[in-house]
Amino acid sequence: MTLTIALSKGRIFEETLPLLAAAGITPAENPESSRKLIIDTNLPDVRLVIVRASDVPTYVQYGAADLGIAGRDVLIEHGGAGLYQPLDLNIAKCRMMVAVENGFDYEAAVKQGARLKVATKYPRIAREHFAAKGVHVDIIKLYGSMELAPLVGLADAIVDLVSTGGTLRANNLVAVEHILDISSRLVVNQAALKLKYATIQPVLEAFASAVPA
Ligand code: PRT
Ligand code: MG
């Protein structure tokens, strides 16, 4: 039975290679250099489909892919419907943070009770974070370059992923709150898990055995 695995290019693909190797799977091509969206592997019945990171849960939810790997950030925003999430793969690790321009008095702004303008690609996570703190916010949805928003007056704060902190520093921003630790998870289509159990189970076990510490 054919197994289709949805992956995104970049850091998730790179950090997934050792997990695939543990399951005996070697991609026939590198998606960074190939323009192909369907990548064959050394196993005739296993293929990879290359999609946007935020689209991985959707492909798996609808069964267009049996398995996928997606960040916790992406999974929370998607909602997780139709997805079985058996394994934290401990890859592509980072932190979801609130950040503001250096010099902006975040504590005072939050205490004042005025509405805070928050720019983010992660409206659900941002909304829940500020609701739990009782802070009123106007969420401004962006698709990238969140770091720019406070610098040009679009927002008071951003909610974004931070890894090394280099991007914040380069743009004169500082992190003021830690919301969540993020890593990527294996997601499985619930129907595929039943129908293709004999094919999927060994892959799950191989991935589990190769999760980095
Ligand atoms: O790039 P594209 O718009 O296609 O999608 P994407 O940005 O969602 O994909 P990708 O491949 O960049 O990220 C995939 C997943 O990797 C995310 O969903 C996260 O779970 C995880 N991840 C881990 C990160 C980072 N680290 C990370 N640092 N995703 C994004 N970043 C960005 C961050 O948004 C910020 O712009 O890197 C910048 C900060 O990095 P530092 O090192 O300067 O702090
Ligand atoms: Mg990116």
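Reader: What is the volume of the largest pocket, and which residues are the closest to its centre?

Author: This is a predicted model, and the volume of its largest pocket is about 990 Å³. The lining of that pocket is made up of 39 residues. The ones closest to the centre are A53, D73, K121, Y122 and L161.

Reader: Which element gives the most to the lining of the largest pocket?

Author: At least two lining residues come from each of α1 (11–22), α2 (56–61), β4 (67–71), α3 (72–78), β9 (157–162) and α6 (166–170). Both domain 1 (3–92 + 183–210) and domain 2 (94–181) supply at least three residues to this lining. With four residues, the element that gives the most is α3.

Reader: How many residues of the lining of the largest pocket are nonpolar?

Author: Sorted by class, the lining of the largest pocket holds eleven polar and eleven charged residues. The nonpolar residues in that lining number 17.

Reader: Which side chain has an N or O atom 2.5 Å from an oxygen atom of ligand 1?

Author: Ligand 1 is surrounded by 22 residues, with R52, D73, T164, G165 and T167 the closest. A polar backbone atom of G165 lies 2.8 Å from an oxygen atom of the ligand, while an N or O atom in the side chain of K121 is 3.3 Å from a ligand oxygen atom. The side chain with an N or O atom at 2.5 Å from an oxygen atom of ligand 1 is that of T167.

Notes:
Residues are numbered from 1 along each chain as its sequence is written. Chains are lettered from A and ligands numbered from 1 in the order in which they are written. This is a predicted model: local features need pLDDT of at least 70, side-chain atom pairs count only at pLDDT 80 or more; totals for chains, interfaces and linings use all residues. Side-chain values use heavy atoms; hydrogens and water are left out. On a 1 Å grid over the protein atoms alone, a cavity is a set of points where a 1.4 Å probe fits but cannot get out, and a pocket is an open set with protein on both sides within 12 Å along at least five of seven lines; lining residues have an atom within 4 Å of a point. Grid points are joined across faces, edges and corners, and a volume is the space filled by probe spheres set on the points. Ala, Val, Leu, Ile, Met, Phe, Trp, Tyr, Cys and Pro count as nonpolar, Asp, Glu, Lys and Arg as charged, and the others, Gly among them, as polar. Domain bounds come from an automatic or database domain assignment. A residue is near a molecule or strand if one of its heavy atoms lies within 4 Å of it. A polar contact is a pair of N or O atoms within 3.5 Å; within protein, one must be able to donate a hydrogen and the other to accept it, and residues adjacent in sequence count only if both atoms are side-chain atoms.
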